[in-house]
Amino acid sequence: MSDYQAMQAELTGAIAAASDLDAIEALRVAVLGKAGSVTGLLKTLGGMSPEERQSVGPQIHALRETVTAALAARKAALESAALEAKLAGETLDMTLPAAASPRGSVHPVSQVMDELAEIFADMGFAVATGPEIEDDWHNFTALNIPETHPARAMHDTFYFPDANAEGQKMLLRTHTSPVQIRTMMSQEPPIRIIAPGRVYRSDSDATHTPMFHQVEGLVIDRGIHMGHLKWTLETFLKAYFETDDIVLRLRPSYFPFTEPSAEVDVGYKQEKGRRIVGGNGDDDGHAWMELLGSGMVNRRVIANCGLDPDVWQGFAFGVGVDRLAMLKYGMDDLRAFFDGDLRWLAHYGFGALSVPTLSGGISA
């Protein structure tokens with residue numbers, strides 16, 4: 001047996017006897033590393049004569065290939081054995097439920113918006129939208145609130161320093177009533193719309209914020225009267241609060257864009273520190289709570305939109321979406337709606353599949 005064959009037998013025996021991956025790695029470095037024994041033999045070929053290199057070279061290369069293959073085979077065998085041992089020692093109960101992953105939720109304002117759209121769609125109303133940055137004419141003047149009108153003091157809000165191309169002042173809209181104006185000017189009656197969206201006013205406390213959400217309704221048709229308004233509001237509130245025990249009280253009020261105008265009160269009672277809408281406000285244990293404003297659309301507003309008020313009449317109403325959410329779902333501070341607290345949203349939020357339907361339940 002040649003010296004190379006003896007060396008091969010010695011090395012393959014050592015490789016076969018290696019008990020773990022660390023031992024295999026140590027052998028690889030000792031044999032095939034930069035200073036390894038087989039690597040050293042390969043380096044000696046450079047100093048040999050062509051005849052010696054032709055005779056000895058194939059033996060050294062065969063030694064390297066054999067040792068390399070033996071190292072790879074032993075490493076694969078040890079890795080497989082280690083994996084088998086790990087699998088035998090570890091167990092996983094596939095019947096256990098998976099760990100809960102974080103899930104988002106629908107904000108109460110978005111949910112209530114969907115509820116309102118579902119309710120009014122069933123009553124034949126379409127959803128209309130408009131810009132949140134409005135001009136002075138659409139936001140005030142067209143609604144019978146000229147520049148010197150005292151009602152502007154209740155609305156004056158966030159104005160922009162620049163005017164539009166027509167020279168009109170621009171501001172963040174204070175209500176969604178401009179959507180009513182734009183709708184009346186862009187489509188022929190009859191009109192039945194709700195206009196939900198964000199509005200802005202200079203106000204901030206537990207029940208008011210500089211930005212809040214509002215939904216307004218508008219009906220323009222022939223022969224419209226206050227009876228239609230009252231029926232619409234009763235039907236809406238019964239569906240929204242999911243109770244037939246809704247009693248309304250209409251109190252005379254004043255809004256520049258409606259005539260006559262009425263504040264709408266609803267009966268309620270206190271239950272475990274929470275207001276529960278329903279019942280007659282004059283009954284024992286009940287009281288009245290102002291909920292929204294309404295009235296017949298002012299003749300001037302109809303005329304400002306290019307319609308003949310002797311032919312077309314209508315009613316309008318408006319209510320805060322955030323306020324509706326607070327009453328129905330038991331929130332007591334409007335500012336929490338915009339704090340971005342995930343704990344609050346996890347408590348009051350809705351699942352992505354909690355889609356309101358009249359058949360399945362508005363708040364299901």
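Predicted model: local features only at pLDDT ≥ 70, side-chain atom pairs only at ≥ 80, totals over all residues.
**View 1. The cis peptide bond between proline 189 and proline 190.** Proline 190 sits in the loop that runs between helix H7 (177-186) and strand S5 (191-200). Proline 189 and proline 190 are joined by a cis peptide bond, with omega about 0 degrees.

View 2. Proline 260 belongs to strand S8 (residues 258-271). Most peptide bonds are trans, and most residues other than glycine have a negative phi.

**View 3. Glutamate 242, a residue other than glycine with positive phi.** The phi of glutamate 242 is near 55 degrees. Glutamate 242 is placed in the loop between H8 and strand S7 (248-255). Its relative accessible area is 41%, so glutamate 242 is partly exposed.

**View 4. Lysine 272, not a glycine, with positive phi.** Lysine 272 has a phi of about 55 degrees. The loop between S8 and strand S9 (274-277) holds lysine 272. Lysine 272 is exposed because its relative accessible area is 86%, and the cut-off for exposed is over 50%.

View 5. The whole structure contains 10 aromatic pairs. In one of them, phenylalanine 120 and phenylalanine 125 have ring centres 5.2 Å apart and planes at 65 degrees, so this pair is edge-to-face. Phenylalanine 120 has 0% relative accessibility and therefore counts as buried. Phenylalanine 125, at 9% relative accessibility, also counts as buried. Phenylalanine 236 and tyrosine 240 form a tilted pair, with 6.3 Å from centre to centre and 40 degrees between the planes. Ring pairs link Phe120, Phe125, Phe236, Tyr240, Phe241 and Phe317 into a cluster.

**View 6. Phenylalanine 236 and tyrosine 240 in helix H8.** Both residues lie in helix H8 (residues 226-241), 4 residues apart, which is about one turn of the helix. An α-helix has 3.6 residues a turn, so residues three or four places apart point the same way. Phenylalanine 236 and tyrosine 240 are both buried. Lysine 328 lies over the face of tyrosine 240, 4.4 Å from the ring centre.

**View 7. Arginine 222 over tryptophan 312.** Arginine 222 is placed over the face of tryptophan 312. The distance to the ring centre is 4.2 Å.

**View 8. Helix H2 and its start.** Helix H2 (residues 21-32) is made of 12 residues. From its first C-alpha to its last, H2 reaches 16 Å, close to the 16 Å expected at 1.5 Å a residue. At the start of H2, the backbone nitrogen of aspartate 22 has a side-chain oxygen of aspartate 20 within 3.2 Å.

**View 9. Aspartate 333 in the loop between helix H10 (321-329) and helix H11 (342-348)**. A polar atom of the aspartate 333 side chain lies 2.9 Å from the backbone nitrogen of arginine 335. With 23% relative accessibility, aspartate 333 counts as partly exposed. Aspartate 333 and tryptophan 288 are separated by 45 residues in sequence and, C-alpha to C-alpha, by 20 Å in space.

Terms used
Residues numbered from 1 in each chain as written. Heavy atoms only, no water. Phe/Tyr/Trp six-rings, centres within 6.5 Å; stacked < 30°, edge-to-face > 60°. Buried < 20%, exposed > 50% of the residue type's maximum accessible area, 1.4 Å probe, protein only. Helix = DSSP H or I, 4+ residues; strand = E, 2+ residues; numbered from the N terminus. Lys NZ or Arg CZ within 6 Å of the ring centre and 35° of its normal. Expected span 1.5 Å × (residues − 1). Polar contact = N/O pair within 3.5 Å; in protein donor to acceptor, adjacent residues only side chain to side chain.
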